[in-house]
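Dear colleague,

I am passing on the structure we spoke about, and below it I have set out what was found when it was examined. Please read the notes with the structure open beside them.

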Amino acid sequence: MYRQRGDFEMGRMEESHDSVIDPVISFSGHLGSALTGSSARKPGRKSTRFAEFLRQDQDLIEITLDISDDSVAISSINSAANVAEDPEIALLTMKLEKKASLGSSVINSKIRQVSHELKRIASLSSKKDQPPRVDKTVTGAKNALKGLRFISKTAHNADQQAFLKRFDDLAVNGLLSRSDFGACIEMDSKEFAGELFDALARRRGITTPGITKAELQEFLDQITDQSFDSRLQTFFDMVDKNSDGLLTEEEVREVIMLSASANKLSKLKEQAGEYAALIMEELDPNNLGYIMIQQLETLLLQVPIQSAVKSGNYSHSLSQALSQKLAPTKLQNPLRRCSQKIKYFLEDNWKRVWILLLWFLMIAGLFTWKFIQYKNRAVYDVMGFCVCTAKGAAETLKLNMALILLPVCRNTITWLRNRTQLGVAVPFDDNLNFHKVIAVAIAIGIAFHAGAHLICDFPRLLHTSTEEYEAMKPFFGSDKPPNYWWFLKGIEGITGAVMVILMVVAFTLATPLFRKNKVKLPRPLQRIAGFNAFWYSHHLFMIVYTLLIIHGFFLYLTHKWYMKTTWMYLAVPVILYGGERTLRAFRSGSKPVQILKVAIYPGNVLTLHMSKPQGFRYKSGQYMFVNCPAVSSFEWHPFSITSAPGDDYLSVHIRTLGDWTRELKNSFAEVCEPPMGGKSGLLRADYMQGKTNPRFPRLLIDGPYGAPAQDYKKYDVLLLVGLGIGATPFISILKDIVNHMKVAEEGEHLQNIENVRKHKKKTFNTVRAFFYWVTKEEGSFDWFKGVMNEVAEIDQKGIIELHNYCTSVYEEGDARSALIAMLQALNHAKHGVDIVSGTRVCTHFAKPNWRNVFKSIALKHKDSRVGVFYCGPAALIDDLRQLSLDFTRKTSTRFDFHKENF
């Protein structure tokens, strides 16, 4: 039994003669003395941690612990005889009267948790007149043990040997300087590494400009120490610049600025003084002007609780069982393994497979038909298989030149997606991929067609005898062609050569190396790379199709007009595509938009709010094309619509990534000014009715067009993943869900309940949405701050779960982000605002563990169909697709993966 008394007595522990710990430990005295005097603690190690706490006149608390070799349990917690029963104590008893198996090395940690909780309860009883403090939790220490990592390496000998070997490379005259310390221990933040170096040197009284290898070994022993106490002391020493054991507000401010700099949080750095005052207000309620290590520990212990809340509350046993089920299993039989792979492939790609198979059969059929046809003609005796190959390839080229236009008929695809059920069997989301596949087939067809003619047909014709040429006179004239040049200078040769040259240019500039400007070219040639070059070169197709029709009319071996079939293949697709372009030009010119608001945010993001043209109907997740004549009269660029269908305006968020977007931002920046009255943005301009307004550049829009995300309503559960500016299509979805929430709430007050139910069923089927937004800049959260706050305010039923990730901040548990986590928990508990994003949504650090994300959803929503929608760089596509497949195959939850294409 431990008994907390008003006077201080040294503790004693009763042990049996065989040195086995007795099941019940009896003790009379202060709890703090039991902890500091226990043989479980090393002598002299922070034995005065609770000294200040023990000096106070506090109420009596009686706690009974049952301790065995490998476990510690709370038997009972009661008020002393002279203290009235406290409901806090009863609650603590209910929480802690559970036996938990713990290693002997963790027993002290458990007891220390109880000490902190008792200290909190006693302080609440004795200081009821003070303002309420942020609640601490008894489970905090267990999670905090994982925190305050100073380096990513562990204390293994191999890792330390690597550090010591790097010492030999960096040391000068046997000393490692402060500036090289970060590189030696692989810490990329030099400023933080320097402060850590100073703290470790101060503790050891080192005043030389460098350290020896032996001193580096001591440093490594301390910063790789796995005990929480050691890590906390090291962190405290970094803050305590004068080593007096007390932290002033100025010292706290300096370490906040250091942490903000290491994590690239400029706003936090600017507000360091404000947050330092917040910490002092919390931990120094008596205005002593300083805080001590135990107060800093108290603040740290509450941080991991928020992490636990973020990670979800699903059963650990279920999670472990699911992890075992998802473990990869390899079939021993190679035939079964191969059949399983084929089965999975067909299940995941059956839409693509049947479309590609149908297309391939059409190509093979046309090639075979034409090949056999020319094999039975007289020209075969002179030109052989070469002419059959050339004509077979030509027939496939006609089909592919017709088909390649269909995937880019966006209005037609949008109409089919919205008005028909073809989407069940046709993969409309892969329209651009099919466009690229056909382009490759065209390149192969050109190689066979032109190669067979130039390398085989023409040389064989030139070398025919007079008798063999007799059969060729109806096609090539009475006189045999004198030389090779005769074929090239004709209409057939000129049109064919020009088409090949234009196609080579268009294909080359459409490759990712040139289109995304990844290729390094000399300065005079840099303009032929980038999106502009891709855009204009692709419009050479108008010349190519004109030449193709001419080329298909002037044929050597076909003279009857009805057998010249090139125009027959091209007629419908060309008319359809031409009609779409005409409709686009007419629609964009007949739907003028008025700019209502312009804002330029950090990260070079331009936000445009414009009036919604009459009749402009769209779905969340769709996109539209934008044209600014002041930048370029011919360039149209696609952007996701970030406003919701229920809004009375249209909005887009455009990030500066190329020449066109840069010029567009500069054009609007000229009419913007710094925001006034607390409005958002770095620069801003608003249209005010009846007042003098800035002269905005003219803007044209065309759309809307279908996108994968527009089908979100057919899923009960959504997983929306956006990287950086890739969050834009999902912002509209979030707004749409919020708008439906408002309608549902208003509908609950209507008397006709049946009509309300019908309206809900028609408009809103989503029961849960998970939104993960990952960005590497804190300023990015300003883009959609209003949406985040609105969702947090309106979504009282927890339909939408928001997760913001800032990858510039070191992962939770790293010492470089420990103080950021403390401030985040403290500020959010007190003011309800996150210090990183400035919204009500708490920001996570580093990158998400996507496997845990899928696992959490699979456990929470069994037998459900989850729509996984992704928009962002291609690097994450394969991972998310594979996770969707894995969890679909091995759980009862089906994950359908979709990625955004333009």
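A residue is called buried when its relative accessible area is under 20%, exposed when over 50%, and partly exposed in between, using a 1.4 Å probe and protein chains only. By that criterion Cys871 is buried, because its relative accessibility is 11%.

Please bear in mind that this is a predicted model, in which local features need pLDDT of at least 70 and side-chain atom pairs count only at pLDDT 80 or more, while totals for chains, interfaces and linings use all residues. Residues are numbered from 1 along each chain as its sequence is written, and side-chain values use heavy atoms, with hydrogens and water left out.

On the cysteines, the structure holds one disulfide, the term being used for a pair of cysteine sulfur atoms within 2.5 Å. The bond is formed by Cys386 and Cys456, whose sulfur atoms are 1.5 Å apart, and because the torsion about the S-S bond is about 55°, the disulfide is right-handed. Cys386 lies in helix H19 (residues 385–403) and Cys456 in helix H21 (residues 431–462), so the pair ties together parts that are 70 residues apart in sequence; helices (H or I, at least four residues) and strands (E, at least two) are DSSP runs, numbered from the N terminus. Both partners are buried, Cys386 with a relative accessible area of 15% and Cys456 with one of 18%. Cys388, by contrast, is in no disulfide, and the nearest cysteine sulfur, that of Cys386, is 8.8 Å away; Cys388 is itself buried, with a relative accessible area of 0%.

Helix H21 also takes part in a helix packing. Helix H17 (residues 334–375) and H21 pack at an angle of about 25°, with their axes 13 Å apart, where axes are lines fitted to C-alpha atoms, for helices over the stretch in contact, and angles run from 0 to 180 degrees between N-to-C directions. The two helices are therefore roughly parallel to each other, given that angles under 35 degrees count as roughly parallel, over 145 as roughly antiparallel, 65 to 115 as roughly perpendicular and the rest as oblique. Where they meet, Ile355, Leu356 and Trp359 of H17 are in contact with Phe434, Val437, Ile438 and Ala441 of H21, contact meaning heavy atoms within 4.5 Å.

His898 sits in strand E19 (residues 894–899) and counts as buried, at 16% relative accessibility. Its side chain makes polar contacts with the side chains of Asp429 (3.3 Å) and Tyr715 (2.8 Å); a polar contact is a pair of N or O atoms within 3.5 Å, of which, within protein, one must be able to donate a hydrogen and the other to accept it, and residues adjacent in sequence count only if both atoms are side-chain atoms. Leaving aside neighbours within four places in sequence, the residues in contact with His898 also include Pro708, Val868, Phe869 and Tyr870.

Two further positions complete these notes. Gly490, in the loop between helix H24 (485–488) and helix H25 (491–510), is buried at 19% relative accessible area, and its C-alpha is 9.5 Å from that of Phe554, although 64 residues separate them in sequence. Ala214, in helix H9 (residues 213–223), is exposed at 53%.
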